[in-house]
Amino acid sequence: TLQLSHIGQRLAGPSGIQELMDDCGEALTLYPDMRMLGGGQPAAIPEVQTLWRQRMQEMLADGSALDKTLLNYDPPGGNPVFREAMATFLKRECGWDVTRENIAVVPSSQTGFFLLFNMLAGDSATGKRRILFPLLPEYIGYANQALCEGQFTAVLPRIEERGEHEIKYHIDFEKLKVTPDIAAMCVSCPTNPTGNVLTTDEFNQLRDLSRQHGIPLMIDNAYGHPFPGVLHGSWRPQWEPGMIFSISMSKVGLPGVRNAVIVADPAIVKALSNMNAIVSLANGNVGQALMAPFLTDDRLMKLGRDVIRPFYKERSDFAKGVLANALGNEIPWALHAQEGAFFLWLWLKNLPIPAAELYRRLKAKKVLVIPGHYFAYGLDQEWRHPHECLRLTYSQPQSIVQEGLEILAEEVKSLR
Ligand code: PLP
């Protein structure tokens, strides 16, 4: 049998994110009849696909620029010209006071968070340092990234029930305690899986707490600011020194290039870049080359505002309508307020079976969803709520979303 180290056991065993990626990958390749309401890939939006195709053609036409991209290793913190262009873009479009020294390119935000969580937290000279997730449920992809036992800790939300069929999670500041072992706080905003967006007040309180304790506030903007900009309200997070922001290329239609940008203090950027040299040598540079010309103007902001955000808004409204219709009023259910990102978060109150079992039954009926318990971790207590929840993606074609949601509703109603 395979002999594994402690770290090997932590990373090479089964994990939620690996099951999810395997399941979704298989669904897309081996089982084309599976109704995929599970994955996190962006929808195929014609305008977005056309844009990247045209840009790729432009690169092909200029052979020497393409050769230079493909042939060279970049420095481990990213291409200096790209870092400069990104800093200028963020300064101009978002008003953030950043320079190239604040920008690190990483091989995906998934990798960026792995490096950051383990750089900042874990065993240290002063004992165990932890990452605090102030608002569960939180992104499944973080759950297994800690190299040490007990490196993650989290706070349960305050659940606001708005009428019969809507909820919103809030940070429970009464329970949020930043003890000396906390190395950083981390929130995805908009949140995968719930679509929650922090209120201005919550963001400011987190900022004040992190300043007061001299720890970074990490904000994962994978679905949000500045691109793809799938934030339905008007508030946008503002980077300030001491914060760590992550901006992914994936949700503007480029998950295949595996590139993301971390915005942070220069010391963190340097440390990340040093770690990246050891782990990855250099980043993929095709994504940087594809995106670079779009950083010189506001085309990416417009794409988010005029194309990507309305696209998901429409899809979300459609999926909500189908689901509300199919579930009706016989059983108790609620959706999280749709404030951003690409998902519906469904709470099936008093669900008689765990969400994991519902997931298995639905998979047998060729509907793939993600059970809610994967999005709750860092806890030292049982929490029933996420076992009554499902994450549903509506980025697939509408007929598939409709069929999938109707089968789901039928299955849930049959349990009563
Ligand atoms: N963060 C969040 C909240 C996500 O949902 C995802 C992907 O779905 C990622 C990070 C990972 O993104 P990337 O493709 O840049 O690794």
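Leaving aside neighbours within four places in sequence, Ala319 is in contact with Leu344, Tyr394, Val401 and Leu405; two residues are in contact if their C-beta atoms, placed from the backbone, lie within 7 Å. The place of Ala319 is in helix 10, where helices (H or I, at least four residues) and strands (E, at least two) are DSSP runs numbered from the N terminus. The model is predicted: local features need pLDDT of at least 70, side-chain atom pairs count only at pLDDT 80 or more, and totals for chains, interfaces and linings use all residues. Residues are numbered from 1 along each chain as its sequence is written.

- Ala319 is buried, with 24 other C-beta atoms within 10 Å.
- A residue is buried if 20 or more other C-beta atoms lie within 10 Å of its own, exposed if 12 or fewer, and partly exposed in between, with C-beta atoms placed from the backbone.
- Ala319 and Leu392 are 73 residues apart along the chain, and 9.3 Å separate their C-alpha atoms.

**Overall fold**

- The protein has 12 helices and 16 strands.
- The C-alpha trace spans about 60 × 55 × 55 Å along its principal axes.
- Of the 416 residues in the protein, 46% are buried.
- Among contacts between residues at least 6 apart in sequence, 74% join residues at least 24 apart.

**Domains and their interface**

- The protein is divided into domain 1 (6-48 + 302-414) and domain 2 (73-297), with bounds that come from an automatic or database domain assignment.
- The centres of domain 1 and domain 2, taken over C-alpha atoms, are separated by 23 Å.
- Contacts between the two domains involve 42 residues of domain 1 and 41 residues of domain 2.
- On the side of domain 1 that touches domain 2, the elements giving two or more residues are helix 1 (6-12), helix 2 (16-29), helix 10, strand 12 (334-336) and strand 13 (343-347).
- Helix 10 gives the most to that side, with eight residues.
- By class, the side of domain 1 that touches domain 2 has 26 nonpolar, 10 polar and six charged residues.
- Ala, Val, Leu, Ile, Met, Phe, Trp, Tyr, Cys and Pro count as nonpolar, Asp, Glu, Lys and Arg as charged, and the others, Gly among them, as polar.

**Nonpolar core**

- The largest nonpolar core has 120 residues, and Val263, Leu346 and Val369 have the most contacts inside it.
- Helix 10 (residues 299-327) supplies the largest share of this core, nine residues.
- The core lies between domain 1 and domain 2, because both give residues to it.
- A nonpolar core is a set of buried Ala, Val, Leu, Ile, Met, Phe, Trp, Tyr and Cys residues joined through C-beta atoms within 7 Å.
- Val263 is in contact with Leu90, Val98, Asn102, Ile103, Trp239, Phe245 and Ile247, leaving aside neighbours within four places in sequence.

**Leu368**

- Leu368 is found in strand 14 (residues 367-368) and counts as buried, with 25 C-beta neighbours inside 10 Å.
- The C-alpha atoms of Leu368 and Leu37 are separated by 5.3 Å, although these residues are 331 apart along the chain.
- Not counting residues up to four places away in sequence, Leu368 touches Asp23, Cys24, Ala27, Met34, Arg35, Met36, Leu37, Gly38 and Lys363.

**Ligand shell**

- The ligand is surrounded by 14 residues, of which Ser108, Ser109, Gln110, Ser248 and Ser250 are the closest; a residue is near a molecule or strand if its C-beta atom, placed from the backbone, lies within 6 Å of it.
- By class, this shell has four nonpolar, nine polar and one charged residues.

**Backbone details**

- Ser108 has phi near 95°, a positive value in a residue other than glycine.
- Ser108 is found in the loop between strand 2 (103-106) and helix 6 (109-120) and is buried, with 22 other C-beta atoms within 10 Å.
- Arg258 also is not a glycine and has a positive phi of about 50°.
- Arg258 is found in the loop between strand 10 and strand 11 (260-263) and is buried, with 20 other C-beta atoms within 10 Å.
- Asn192 and Pro193 are joined by a cis peptide bond with omega about 25°; Pro193 is in the loop between strand 8 (182-188) and helix 7 (200-213).
- Phe227 and Pro228 are joined by a cis peptide bond with omega about 5°; Pro228 lies in the loop between strand 9 (217-220) and strand 10 (243-248).
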